[in-house]
Amino acid sequence: MALPVRLYRRKWVNGVSVIPERSGTAFRVARGQRLTVIDPRGQQVADLLAFNADDMAEVISSGRTLDYAETIRLTTGHILYSNRSQPMLEIVEDSVGRHDFLLTPCSYDTFHHFYPDLPPHRGCFGNLAAALEPYGVTPDAIPIAFNCFMNVPIDPDTGKLSVLPPTSKAGDRIVFRAAIDLVIGLTACSAPASNGGSFKPIHYRID
Ligand SMILES: [Zn+2]
């Protein structure tokens, strides 16, 4: 039974749940509820996945979302769509305005590729896979995550992507409203470049 394990691992601070540095979790959010993702110390990325709680084959889609938004700069008022073009989450507040929906969750392979001299870490991908396993999600079903607070500018002439420190400051947040019943996966990202070189926790709240 996964539920007692998740309750045991959940930590609370002042009414918000805490995701410790370099870890992840999964939980349900009901239609109409608001999910607030908070960067408590600043410059920390949180990878977010969303699945239809009634059919886990329906999952958040970077391609659909960017296509319909006609921008990669997603913020308040934008909708995150599923692979079946159904609205899953609406961004209703955003104190940062700089997030990424292009790059896959960091993983063992990411560390081998970019950080061959550092001890490898399972990263957001491994943390999401472990947290979502009780919901029947297999690793191959994990798509591009919405990377809250991740700062990935694109050179307009060459198309080159850069991963820079987040622009988020302590206490910054992004708030989503669930359009359907969801299973959410959420991490405190593990990759050095994405997080300004240090690993911090992520806070979240559901109301
Ligand atoms: Zn990561």
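V163 comes out as partly exposed, because 19 C-beta neighbours fall inside 10 Å (a residue is buried with 20 or more other C-beta atoms within 10 Å of its own, exposed with 12 or fewer, and partly exposed in between; C-beta atoms are placed from the backbone). The residue sits in the loop between strand 9 and strand 10 (172-178). Helices (H or I, at least four residues) and strands (E, at least two) are DSSP runs here, numbered from the N terminus. Setting aside neighbours within four places in sequence, V163 touches V152, A193 and S194, where a contact means C-beta atoms, placed from the backbone, within 7 Å. S82 and V163 are 81 residues apart in sequence, and their C-alpha atoms are 25 Å apart in space.

A word on the model itself. It is a predicted one, so local features need pLDDT of at least 70 and side-chain atom pairs count only at pLDDT 80 or more, while totals for chains, interfaces and linings use all residues. Residue numbers start from 1 along each chain as its sequence is written. The average pLDDT (the predictor's confidence in each residue, from 0 to 100) is 94 for the protein, with 93% of the residues scoring at least 70. Residues 1-9 are another story: pLDDT stays under 50 there, and the model gives this stretch one contact beyond four places in sequence.

On to the overall build. The protein has four helices and twelve strands. Its radius of gyration, 16 Å, is close to the 17 Å that the globule rule gives for 207 residues, so the protein is as compact as a globular protein of that length; the radius is taken over C-alpha atoms, and the rule is 2.2 Å times the number of residues to the power 0.38. The C-alpha trace spans about 45 × 40 × 35 Å along its principal axes. Of the 207 residues, 39% are buried. Among contacts with a separation of 6 or more, 74% are between residues 24 or more positions apart.

UniProt, in an unreviewed entry, lists residues 18-183 as "domain: DUF1989"; positions are in the numbering used here, feature names are shortened, and such annotations may be inferred rather than shown by experiment. That span is 15% helix and 30% strand, and its end C-alpha atoms lie 17 Å apart.

Strand 3 (residues 24-29) pairs with strand 11 in the antiparallel sense over six bridges (pairing takes at least two bridges found by DSSP), and G24 has T187 as its bridge partner.

Strand 5 (residues 46-52) also runs antiparallel to strand 11, joined by five bridges. Within this pairing, L48 stands opposite L186, and A50 is bridged to I184. Three bridges link strand 5 to strand 9 (residues 146-148), again antiparallel, with A46 partnered by C148. Strand 6 (residues 55-59) is antiparallel to strand 5 as well, over two bridges; N52 and D55 are bridge partners, and a hairpin of two residues connects the strands. Six of the seven residues of strand 5 are buried, so this strand too is largely enclosed by the rest of the structure.

The largest nonpolar core takes in 47 residues, and those with the most contacts inside it are V37, A46, L48, L49, A50 and I184. Such a core is a set of buried Ala, Val, Leu, Ile, Met, Phe, Trp, Tyr and Cys residues joined through C-beta atoms within 7 Å. Helix 4 (residues 123-132) supplies the largest share of this core, six residues. As for A50, its contacts beyond four places in sequence are I60, L80, M88, L89, L182 and I184.

Helix 4 itself has nine of its ten residues buried, so it is largely enclosed by the rest of the structure. The buried ones are G123, C124, F125, G126, N127, L128, A129, A131 and L132. They pack against strand 3, strand 5, helix 3 (108-114) and strand 11.

Notes. Two residues are in contact if their C-beta atoms, placed from the backbone, lie within 7 Å.
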